[in-house]
Every structure is written in structure tokens, then in C-alpha cells.
Amino acid sequence: MGAERADKRLYMKTTYPISSLLHEKTSALWTVVPEATVFEAIKLMADKNIGALPVMSGGRIAGIFTERDYTRKVALQGKSSKQTQVREIMPTQVITVTPDDSVEDCMRLMSENRVRHLPVVEGENLVGIISIGDLVNWIISTQNAAIEQMEQYIAGGIAA
């Protein structure tokens with residue numbers, strides 16, 4: 001019975017739309033083209049301290065390039081990052097979400113598909129990208145805000 005209640009609390013806290021998380025992130029969105037070299041993509045990710053880049057072609061998302069792609073498909077296979085194009089190693093089937101999808105839906109998609117980044121699209125337009133770290137940080141801050149509000153209520157700081 002205790003586990004059911006814990007699940008309900010988690011469910012209630014994660015039904016917020018992903019747009020609420022996007023509003024708290026910087027509006028900067030870095031992308032790469034399929035023709036870029038893996039070296040250029042890795043350098044951009046290092047400069048911006050990010051772990052993934054949406055790959056854009058013709059104004060549409062064509063794939064996603066991640067640190068995991070580099071380590072598994074370039075470094076471990078002995079390829080040259082300066083000779084290999086992003087298009088050669090990027091996954092082309094990209095799981096995307098919309099701003100209306102819930103935090104819970106995004107966590108489920110990431111877990112089921114073993115991905116750490118989800119591009120957020122409206123129609124065919126890329127409007128952001130969220131990482132598993134973004135979701136964890138958002139949940140922690142939401143829980144902290146709820147705890148603070150409860151503490152204020154208990155202390156008499158909020159009218160009933």
C-alpha cells in the first residue's frame with residue numbers, strides 16, 4: 001500500500017508539461033548539420049558544455065548526435081573524428097516530444113528507449129532539447145518548492 005501511495009505522489013508531481021521545464025532553460029539551442037565532421041560536433045559540445053546536438057537538414061531534424069555516438073561509433077572503432085561526418089554515425093530515428101508532453105512521459109520515453117536527450121518539436125520546428133539531467137533537476141526543484149510551501153503552511157505562514 002505504501003508503494004502505491006508513493007507512485008501516486010510521483011505521478012502527481014510529474015504531470016507538468018515539458019514546456020514548464022523549457023521556460024526555465026536558456027533559449028540558446030545549438031545544432032549541427034549532417035556534413036559537419038565529428039570533430040566539429042564534439043568541439044561545439046565541449047565549448048557549450050552539452051552532451052547532444054540535434055542534427056538539422058533543410059530546417060528539419062534529421063538525427064541527433066551524442067557523446068555516446070562518438071565513443072561507440074568513432075573512438076572504439078578506430079575512426080578519425082576529423083575524417084568522419086556526423087551523418088555517418090548519427091541515429092536517424094529520433095524520438096521527439098512536444099511542449100505539451102508531460103515530464104512523466106519524457107522520463108518514460110528516456111527509460112524505455114535508453115536515451116538521455118529528447119528534442120522538443122512543435123510541428124516540424126525544433127524548439128528545444130531536454131536531457132535526463134534537466135528532468136532530474138526540475139523534479140528536485142519542484143519537490144523542494146513543495147516542501148518549502150508545506151513548511152510555511154505548518155509554521156502558519158500560509159492562510160488555509
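Here is a quick tour of the structure above, from its overall layout down to a few single residues.

What you're looking at is a predicted model, in which local features need pLDDT of at least 70 and side-chain atom pairs count only at pLDDT 80 or more, while totals for chains, interfaces and linings use all residues. Residues are numbered from 1 along each chain as its sequence is written, and side-chain values use heavy atoms, with hydrogens and water left out. The chain has seven helices and four strands; these are DSSP runs numbered from the N terminus, with helices being H or I of at least four residues and strands being E of at least two.

**The overall layout**

- The chain has 160 residues, and 32% of them count as buried (buried is under 20% relative accessible area, exposed is over 50%, and partly exposed is in between, using a 1.4 Å probe and protein chains only).
- Take the contacts in the chain with a separation of 6 or more: 56% of them come from residues 24 or more positions apart (a contact means heavy atoms within 4.5 Å).

**How H6 and H7 pack**

- Two packed helices are described by the angle between their axes and the distance between the axes.
- For helix H6 (residues 103–113) and helix H7 (residues 132–154), the angle is about 140 degrees and the axes are 11 Å apart (axes are lines fitted to C-alpha atoms, for helices over the stretch in contact, and angles run from 0 to 180 degrees between N-to-C directions).
- That angle makes H6 and H7 oblique to each other (under 35 degrees is roughly parallel, over 145 roughly antiparallel, 65 to 115 roughly perpendicular, and the rest oblique).
- The crossing of H6 past H7 is left-handed, a term used if the near helix is turned anticlockwise from the far one by less than a right angle, with clockwise being right-handed.
- On the H6 side, the residues that meet H7 are Val103, Cys106, Met107 and Met110, and their partners in H7 are Ile132, Leu135, Trp138 and Ile139.
- By type, the residues of this contact split into eight nonpolar, no polar and no charged (Ala, Val, Leu, Ile, Met, Phe, Trp, Tyr, Cys and Pro count as nonpolar, Asp, Glu, Lys and Arg as charged, and the others, Gly among them, as polar).

**The nonpolar cores**

- The largest nonpolar core holds 14 residues, and Ile18, Cys106, Leu118, Ile130 and Leu135 have the most contacts inside it (such a core is a set of buried Ala, Val, Leu, Ile, Met, Phe, Trp, Tyr and Cys residues joined through side-chain atoms within 4.5 Å).
- Helix H2 (18–22), H6, strand S3 (117–122) and H7 are the elements that each give two or more residues to this core.
- H6 supplies the largest share, with four residues.
- Apart from this core lies another one of 12 residues, including Ala41, Met45, Ile89 and Met90.

**Two residues with positive phi**

- Asn49 isn't a glycine, yet its phi is positive, at about 55 degrees.
- You'll find Asn49 in the loop between H3 and strand S1 (52–57), where Asn49 is exposed with a relative accessible area of 70%.
- Arg114 is another non-glycine residue with a positive phi, near 50 degrees.
- Arg114 sits in the loop between H6 and S3 and is exposed, with a relative accessible area of 67%.
- Not counting residues up to four places away in sequence, Arg114 touches Arg68 and Leu109.

**Three more residues to look up**

- Thr37 is in the loop between H2 and helix H3 (38–48) and is buried, with a relative accessible area of 18%.
- Beyond residues up to four places away in sequence, Thr37 touches Ser81, Lys82, Thr84, Gln85 and Val86.
- Phe39, in helix H3, counts as partly exposed at 37% relative accessibility.
- Phe39 is in contact with Ser81 and Lys82, leaving aside neighbours within four places in sequence.
- Asp69 belongs to helix H4 (residues 67–75) and is buried, with a relative accessible area of 8%.
- Asp69 and Pro91 are 22 residues apart in sequence and 8.3 Å apart in space, C-alpha to C-alpha.
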